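Hello,

Here is the structure I promised to pass on. Please open it alongside this email; my notes follow below.

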Amino acid sequence: MMKNRLLRMGLLLLFALTSLACRSEAAALYKSYIYDSWGNAVPTPDPYLPIRVVYGKDIGAGDFNNPQDLYVAPDSSLYIVDTAHNRVVRTTDEFEVIKIYKEFERNGRVDSFNNPHSVYVTRDGRLFVADTGNERIVLFDADGNCISVIDQVKTDMADAFPRHFRFRPKKIAVDPFDRLYVIVDGLFEGLMKMDLEGNFIAFVGAPRVKVTLWQYLWNRLASEEQRIRMALVLPTEYSSMHMDEQGFIYTTVSGIGTQTDNYVRKLNPSGSDILRRTGIHPLIGDLDPGVGTSLEGSSRLVDIVGRDNEIFSVLDQQRGRIFTYDSTGRLLYIFGGSGQGVGLFVKPVAVDELNGRLLVLDSRNNSITVFEPTAYAASIHAAIEEFDLGHYDAAAEMWRGVIALNANFELAYSGIGDAEFSKGNYAQAMRYYRIANDRAGYSKAFYRYRRQLLGDQFGTIMTWIIIAAGLIWASAKWQLCRRLAQSYQNSKIAAFFGSTKVKNNRFYRYCRRTMDAVRYAGHVIFHPFDGFWDLKYENRGTFTAATLLLLTAVISYVFMRQYTGFVLNYNRVSEINVLMEAASLLVPFLLWCLVNWALTTLMDGKGRIKDIYIAGAYAFVPMILINFPITIISRYITIEEGTFYYLILTIGTIWTLGLLCLGTGVIHDYSFGKTMFTTGLTVIGIGIVCFVGLLFFHVVDTMFQFFREIYIELTFR
């Protein structure tokens, strides 16, 4: 089996390279792209190119009419469900007609299909047809003879189905144990699981309903009559499914704008979603609906096909694009588009893989477009294949070939990082993971590298620890600090600063008072009631000291945003605007001071705006004490250890906000309740000020544009 897969992959790569070399390719009518780690659409080489468009008349089967499904059987034959013509067309892999299923004998009389929607073929050649219009599933043997029909669901559970349930199968699949999975039109309970006799077993894989907090609260407050009139919150219906060789079922969810993190699922036989989602972006198709088209709305995923190495491709009917992901949900490539032309679609409904090529069925154009892999796609698939087989050097070389074709493909760097990690080259792996913005991979490699480094340098580290401990012990024993202080007191420098002339200098006294006020911040943050009282009534704080503390807090915030360790820093560091980051802290603080002063003036507050400013600035001291060290520590921890990082940051934030509230109460001489009430009003007031400010600037900008247009009209006419 493994040799066959290697041979198939080698032939696929050779075929793609040969085809590229032997024919001059016309540019595709669509633009291929991929999303980088920041969600930006980045152009890529075309992974697949259209080589043929097949119509029914081209293969001698007559024109198709609203076909709804195509299916590649295990023997590589192709089944096309020609829905409006009530037939199923079977062809070879070269589109030569083998058989047309339209009328068949059942119980001694001729029967036919009515609006069939899909088919499934087992390894032993049995054909299952979802005869939707006749509300049944028809089973044929390998010779094309009808052997049974499932036209009703048998169950002893009276409440298993909705009151007006109709068995209208749309998609079907059969596992190796002859268990039938069916997507039934209008049924929201999930996939229907049954045996070949029509006996109902269970519903599996029902998508979870997500009720918003507002919906929950409104439902609790509404009357009985209002609840009845409310729209039902139902799970989203599945649109398609594909069973892979291991018996797992890939599914897509129908509808637009729902289940934002579960458009694609991979179900085991019990219905649990086992799809790994380690990619940066959710599996929802297009992240940016406006990329390369004027069509609005998010993707509508209508079909899915599982491929080798747990790769899968999904079809977006909204824009006619095919999205391909690896086994962990990471995006590999995107191609296709909407419109008229080769490689474009009007209403694509099905996708499948045939000998490495992708086939897409368009129900509006009544055609099948055959896409051939380029060297770019073949190299990606070959790299994944080699890595899964444990050939890490070969996988790395394949990924380097991909980078040569597309230097912006982050997953290729991550793939090289995976290969280096598997070989134990953790430092190299970290380098490639960082280029790929793969934080999970970087964290994993860093953990191993850190452990390796500590193991190799353990002796050196312990030696320096012992030396440092010895120096501290010697310093304590011989009282070195005290002797140094005594020597300083006897020095000429101390004599100069201790002289009466210097002490009487105004600037010296100003600096000394400022430093004393800064040092007093340590008392304020641990004894807030006494500290804030003394700031105002004992003049222990100064405006200069408060400004220094505020600026230091701003610097610590910018420092944290810029220099937090890679695995915990999700900012685009190269685009961080230091002034904007500083303003994001300074502007809210200054608004707090202004709005709080305006409100407390009307509420018998005893604090001046200067007192509010000083108390607020002193409240930021915990931020200073936490931001600098935690930022440095963040560069030496993993994602899993980041819990402690976020815990400490949360403690610092709560500490700062608590001091801000306590400072407000003390300087205004408010009770606790009035302090909380005033704080809430201040936050609301800040929101109102921001709204009015934005409205004012919008009006000014509109007036400016109006006068500008008048000037242009007068100037050029």
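Which residue in β28 does Tyr 48 stand opposite? Tyr 48 faces Pro 373. Keep in mind that this is a predicted model.

**The sheet**

That pair belongs to a wider arrangement. β3 and β28 (residues 367-373) are antiparallel partners, joined over seven bridges. Both strands sit in an open sheet of four strands. Its order is β3-β28-β27-β26, with antiparallel pairing. Look at the two edges next. β3 (48-55) is at one of them and β26 (348-354) is at the other. Each has a single partner strand, so one side of each lacks a neighbour in the sheet. From one strand to the next, the twist averages 25 degrees.

**Ser 422**

The other site to check is in a helix. Ser 422 is part of α6, which covers residues 410-422. Is Ser 422 buried, partly exposed or exposed? Its relative accessible area is 33%, so Ser 422 counts as partly exposed, given that buried means under 20% and exposed over 50%.

Now its surroundings. The Ser 422 side chain reaches the backbone oxygen of Asp 418 at 2.9 Å. Leaving aside residues up to four places away in sequence, Ser 422 touches Phe 387 and Tyr 392. His 391 is 31 residues from Ser 422 in sequence. In space, the two are 9.9 Å apart, C-alpha to C-alpha.

Over to you.

Best wishes

How values were computed: Residues are numbered from 1 along each chain as its sequence is written. This is a predicted model: local features need pLDDT of at least 70, side-chain atom pairs count only at pLDDT 80 or more; totals for chains, interfaces and linings use all residues. Side-chain values use heavy atoms; hydrogens and water are left out. Two strands pair if DSSP finds at least two bridges between them. Axes are lines fitted to C-alpha atoms, for helices over the stretch in contact, and angles run from 0 to 180 degrees between N-to-C directions. Buried means under 20% relative accessible area, exposed over 50%, partly exposed in between (1.4 Å probe, protein chains only). Contact means heavy atoms within 4.5 Å. A polar contact is a pair of N or O atoms within 3.5 Å; within protein, one must be able to donate a hydrogen and the other to accept it, and residues adjacent in sequence count only if both atoms are side-chain atoms.
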